[in-house]
Amino acid sequence: MTRWDQARQLLGFRARESTRVREKSSRAGPVREAVRTPAEPRSSGAGSICVVSGKGGTGKSSVSASLAALLARRGRTLLLDADLGCANAHILQDVHPEHTFADVIAGRVEMESIVTPCANGVELLAGGSGFASLAGLKAFELEMIGRGLQRLEPSYDHLVVDSAAGLSRQTVAFASACDASLLITTPDVTAMTDAYAFLKVFVRQCAAQGIARPMPYLVVNRAQSEEEAKQVARRLQNVVSKFLGARIELLAVLPDDRAALRAIQRRSAVVDSEPESELSRAIVTLSCGVAARLAHTETQAAGARLAMAAHGRSC
Ligand SMILES: Nc1ncnc2c1ncn2[C@@H]1O[C@H](COP(=O)(O)OP(=O)(O)OP(=O)(O)O)[C@@H](O)[C@H]1O
Ligand SMILES: [Mg+2]
């Protein structure tokens with residue numbers, strides 16, 4: 001049985017608890033070097049957080065929209081829709097951006113021209129929909145986005161990146177460019193398996209580029225109960241520890257709540273449309289956790305890192 005099969009078996013709820021997997025300590029070495037606990041005081045610039053998942057539909061855009069809305073109450077906040085080609089963050093902000101990344105890539109406008117102000121104070125960089133080429137940008141195009149972001153960042157306190165599902169080089173580049181990431185999973189075994197797959201690619205890519213990033217913080221979304229979420233977290237933590245030699249922190253549990261659905265129908269972030277809902281209260285707690293962690297993380301320009309990562313280099 002391959003290591004990947006073993007990891008999948010451990011994540012499955014029907015997997016036998018007695019399964020024993022021997023891990024060679026040498027395999028965990030480079031990964032340990034690639035991750036660190038944020039401890040240094042924050043230096044300057046926008047604190048950046050990338051919202052990721054392996055599987056689609058886990059709630060990345062919903063969480064990003066609310067997180068950005070809450071962070072915008074603390075300081076100037078830029079929401080970057082990195083689901084390029086299938087972008088929909090503008091829907092949850094109820095705006096109709098005149099220009100998107102598609103125009104930047106085509107050389108029609110500068111990045112500054114695609115910033116769209118939203119009613120809740122968030123400023124959006126819209127991703128552009130219906131352009132398949134955006135989902136697989138060439139290195140120089142990704143670098144172009146990185147350089148544009150680098151110019152914008154100093155004017156902001158927070159940068160929230162709503163990423164595409166999956167493990168594409170582009171998606172992982174955005175995650176590794178940010179100061180920290182939120183890994184969203186639901187209790188579905190498939191979502192958990194894909195979350196682990198994301199972590200595996202993330203730590204390998206960081207190690208390959210020789211960059212140190214905190215391990216993504218785990219968020220269990222659509223949980224039926226606290227206990228269910230903790231069980232999901234324990235399983236992932238166990239597998240990540242065994243196979244990647246790393247630790248992941250459960251940062252938040254978000255309940256399954258139809259308020260999420262209603263928010264999308266109203267084209268709003270749930271924290272704006274139903275602030276008293278159980279889900280909104282949980283996202284407020286999450287945003288406090290994010291702000292606290294970013295405050296103790298050395299922030300660097302995500303745009304500069306993205307530009308370097310586009311060519312597989314670190315900075
Ligand atoms: N806590 C929740 N409770 C109930 N439904 C939720 C919750 N969070 C998200 N959803 C629903 O899940 C669906 C997917 O949400 P969302 O679009 O935010 O996911 P996503 O990860 O951004 O998807 P994609 O990978 O396609 O970008 C939406 O219908 C949303 O209303
Ligand atoms: Mg999305």
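Mentor: A helix is a DSSP run of H or I with at least four residues, a strand is a run of E with at least two, and both are numbered from the N terminus. This is a predicted model, where local features need pLDDT of at least 70, side-chain atom pairs count only at pLDDT 80 or more, and totals for chains, interfaces and linings use all residues. Residues are numbered from 1 along each chain as its sequence is written, chains are lettered from A and ligands numbered from 1 in the order written, and side-chain values use heavy atoms, leaving out hydrogens and water.

Trainee: Which helix holds S66, and is S66 buried or exposed?

Mentor: S66 sits within residues 60-72, which form helix 3. Beyond four places away in sequence, S66 touches A269, V270, V271 and I283; contact means heavy atoms within 4.5 Å. Buried means under 20% relative accessible area, exposed over 50%, and partly exposed in between, with a 1.4 Å probe and protein chains only. S66 has 0% relative accessibility, so it counts as buried.

Trainee: How many helices and strands does the chain have?

Mentor: Of contacts between residues at least 6 apart in sequence, 80% join residues at least 24 apart. Of the 315 residues, 57% count as buried. The count of elements is 13 helices and eight strands.

Trainee: What share of the accessible surface of the chain belongs to carbon and sulfur atoms?

Mentor: Accessible areas come from the Shrake-Rupley method with a 1.4 Å probe; for residues, only the protein chains shown count as cover. The accessible surface of the chain is about 13,300 Å². The carbon and sulfur share is 50%.

Trainee: Which residues touch the most other members of the largest nonpolar core?

Mentor: A nonpolar core is a set of buried Ala, Val, Leu, Ile, Met, Phe, Trp, Tyr and Cys residues joined through side-chain atoms within 4.5 Å. The largest has 63 residues. Its members with the most such contacts are L80, L125, I145, F174 and Y196.

Trainee: How many residues are in the other core?

Mentor: Another core lies apart from the largest one. Its members include L79, L124, V219 and L279. Its residue count is 39.

Trainee: What span does helix 8 reach?

Mentor: Helix 8 covers residues 189-209, which is 21 residues. The expected span is 1.5 Å times one less than the number of residues. Just after the helix, G210 takes a positive phi of about 70°. From first C-alpha to last, helix 8 reaches 30 Å, close to the expected 30 Å.

Trainee: Where does I114 lie, and which residues does I114 touch?

Mentor: I114 is in the loop between helix 5 and strand 3 (115-117). I114 counts as buried because its relative accessibility is 1%. L124 is ten residues away in sequence, and the two C-alpha atoms are 7.9 Å apart. Leaving out residues up to four places away, I114 touches H99, T100, F101, V104, V109, L124, L125 and A126.

Trainee: What is the phi of D94?

Mentor: Most residues other than glycine have a negative phi. D94 lies in the loop between helix 4 (89-93) and helix 5 (101-105). D94 is partly exposed, because its relative accessible area is 42%. The phi of D94 is positive, near 55°.

Trainee: And what is the phi of R222?

Mentor: R222 belongs to strand 7 (residues 217-223). R222 has 46% relative accessibility, so it counts as partly exposed. The phi of R222 is also a positive value, near 60°.

Trainee: Which residues are the closest to ligand 1?

Mentor: A residue is near a molecule if one of its heavy atoms lies within 4 Å of it. There are 18 residues around ligand 1. The closest are K60, S61, S62, N221 and D257.

Trainee: How far is a polar side-chain atom of K60 from an oxygen atom of ligand 1?

Mentor: For a polar contact with a ligand, the cut-off is a pair of N or O atoms within 3.5 Å. For D83, a side-chain N or O atom is 3.4 Å from an oxygen atom of ligand 1. For D256, a polar side-chain atom is 3.5 Å from a nitrogen atom of ligand 1. For K60, the distance to an oxygen atom of the ligand is 2.7 Å.

Trainee: How much of the accessible area of ligand 1 does the protein cover?

Mentor: On its own, ligand 1 has 630 Å² of accessible area.

Terms used:
Polar contact = N/O pair within 3.5 Å; in protein donor to acceptor, adjacent residues only side chain to side chain.
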